[in-house]
Amino acid sequence: MRFLRLLFVVCLVGLLPSCSLSDTSRKIQAPLRVHVADGWYEGNASGQVRAFFGIRYAQAPTGVLRFASPMPMPAHEGVWGAAASSGPCPQLGTDGKPVSTDEDCLTVNVMTPRTLTAGQSLPVMVWFHGGGFTVGDGHQYDPRRLVEEGNVIVVTANFRLGLLAQLGLPGVADSGNFGLADQLSVLQWAHRNAAAFGGDPGNVTMFGESSGAMSICALLASPSAAGLAAKAILSSGSCATAWPAGASAGLAAPATRPFAPVSVAEQHGLALAKEMGCPQNQLLDCLRKLPAAALVEHSAEFGNLLAYGTRLLPQDPLKTLEDGAQAAVPIISGSNHDEGTAAVADASQRDPISAERYDELVRRAFGAQADQVLQQYPVERFPSPGDAWARISSDAGWLCPAMRADDLFARRAPVYSYEFDDLSAPNAVGAGRSGVALGAAHGTELPYLFDVGTLAGVRLSPSREAFAKRMIQYWTSFAWHGEPEGDVPWPRREPGANGPVLRLYPAGKQPPSSLSPWDEHKCAFWGTVAA
């Protein structure tokens, strides 16, 4: 008896590393100093979380090493401070001027609960931001609410963008995949170092929005990422995303997908090198010697150009999905009800959409099938021609492709599909007045999960704060157990049944339609329209 009492006291004060008598309930303070693969880092305590900012997950290839995959971080001595965020990777701002030109930007931020339960390892959620593969910054996304309410660890990452991420040149290793190589390194870093923060390396969930979700699709198709993530959440982006002409980056934009053959990326790279005056026999050396400021001006030309047919991405992720060869991990996948409205609203401010312009856009995008599209989407059924074009953009470019991809995912693994349906969500996308109703536009779900730095003026009402808690519960319970749990049951998708799809909207608000999302967005029809 005396031995048992002594053992209880020893366990209670934490003198033994493992104690079955108290580990299931004993609370401990999360570490403020952590030792990861390259050395010690010290973060800071902020409210109910521990935060570590600007930790380098890899050594960035810069200068004469530019346009290569990231390199391992060398070991360092002493304790490095991790109390302040690092800058974003090189990119342009909305004014067309560089926001940053610092290529030494391969960093992660890690946030953990301030208090842990002894003997319990937490799920790790790795966030890949969106931004069309050309803009964005992991530090813009404060995951504090996810961490506090879901009792998880969240890693937000910076990775190369635009030209520096997706330049293709013949004969260059990992051509067109430098940004993907960075994201792969983030997963490797998280897998290798999760335990230092109290996380479970076997329970990593990668989640992302827009191009971040499309990147996750590529990682699910990459043999190099096998075993690094146990689950995935794809928001507003899929393996099948394909925008009709005029439906993505401006009304004059061509039809496009986020993925391209490496030969196309290399054609873009050769054209750039020629434009920059680089000699044919010194293309790579020439581009490496140019200042980052000169290169980042061309970032937009290398968006939606993630290359396949490469070592890291052997084939088109959609083909991998169709073949059933993607990683068979549980997935949450969903879209916003009005994905296309923000881009159309922005473009129509410069190029107003009249009824005649609408007819012209439809005919340019769909050719011989334009009349069928116009029968399904007659302009007189919409508040304006711009609203009609935004509906086509949403349905044909975003929602229906995503639901088709979900059906393919569901052949091999559990899939939970959703549609974000807060049709009066705060304008979190910065779209101006154009006469096009935004609704649940692309990106409007982000403030429900994160405190988003670029959206500091967006505030959630009390009812929406309750809705945000529901979303966070779904996301983090999925990270814990592989099934989203909440007050409304979320059924698993049935392969080949086009659903079910959980419609997410604030309590007390009506969903936008009594039809299933598959029927509301005319997905059976869009399946007959040639890409």
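1. A disulfide is taken here as a pair of cysteine sulfur atoms within 2.5 Å. With that cut-off, Cys278 and Cys286 are joined, S to S 2.1 Å. The torsion about their S-S bond is about -70 degrees, so this disulfide is left-handed. Both cysteines, Cys278 and Cys286, are buried, where buried means under 20% relative accessible area, exposed over 50% and partly exposed in between (1.4 Å probe, protein chains only).

2. A word on the basis: this is a predicted model, in which local features need pLDDT of at least 70 and side-chain atom pairs count only at pLDDT 80 or more, while totals for chains, interfaces and linings use all residues. Residues are numbered from 1 along each chain as its sequence is written, and side-chain values use heavy atoms, with hydrogens and water left out.

3. On confidence, pLDDT is the predictor's confidence in each residue, from 0 to 100. The protein averages 92, and 93% of the residues score at least 70. Over residues 1–22, however, the pLDDT is below 50, and this stretch has 13 contacts beyond near neighbours in sequence (contact means heavy atoms within 4.5 Å). Where pLDDT is low, the predicted coordinates should not be read in detail.

4. How many disulfides does a search of the whole structure find? There are 4. One of them pairs Cys217 with Cys239, whose sulfur atoms are 1.6 Å apart. Its S-S torsion is about 115 degrees, so the disulfide is right-handed. Cys217 sits in helix 5 (residues 211–221) and Cys239 in the loop between strand 15 (231–235) and strand 16 (259–261), so the pair ties together parts 22 residues apart in sequence. Helices (H or I, at least four residues) and strands (E, at least two) are DSSP runs, numbered from the N terminus.

5. Cys400 and Cys523 form another disulfide, with sulfur atoms 2.1 Å apart. This pair links distant parts of the chain, 123 residues apart: Cys400 in helix 13 (residues 385–409) and Cys523 in helix 17 (residues 523–526). Cys400 counts as buried at 0% relative accessibility, and Cys523 does at 1%.

6. Finally, helix 6. Its buried residues are Val262, Ala265, Glu266, Gly269, Leu272 and Ala273. What covers them includes helix 3 (162–166), strand 16, helix 7 (283–289) and strand 17 (306–308). The face turned away from the buried side of helix 6 carries the exposed residues Gln267, Lys274 and Glu275. Just after helix 6, Gly277 takes a positive phi of about 80 degrees.
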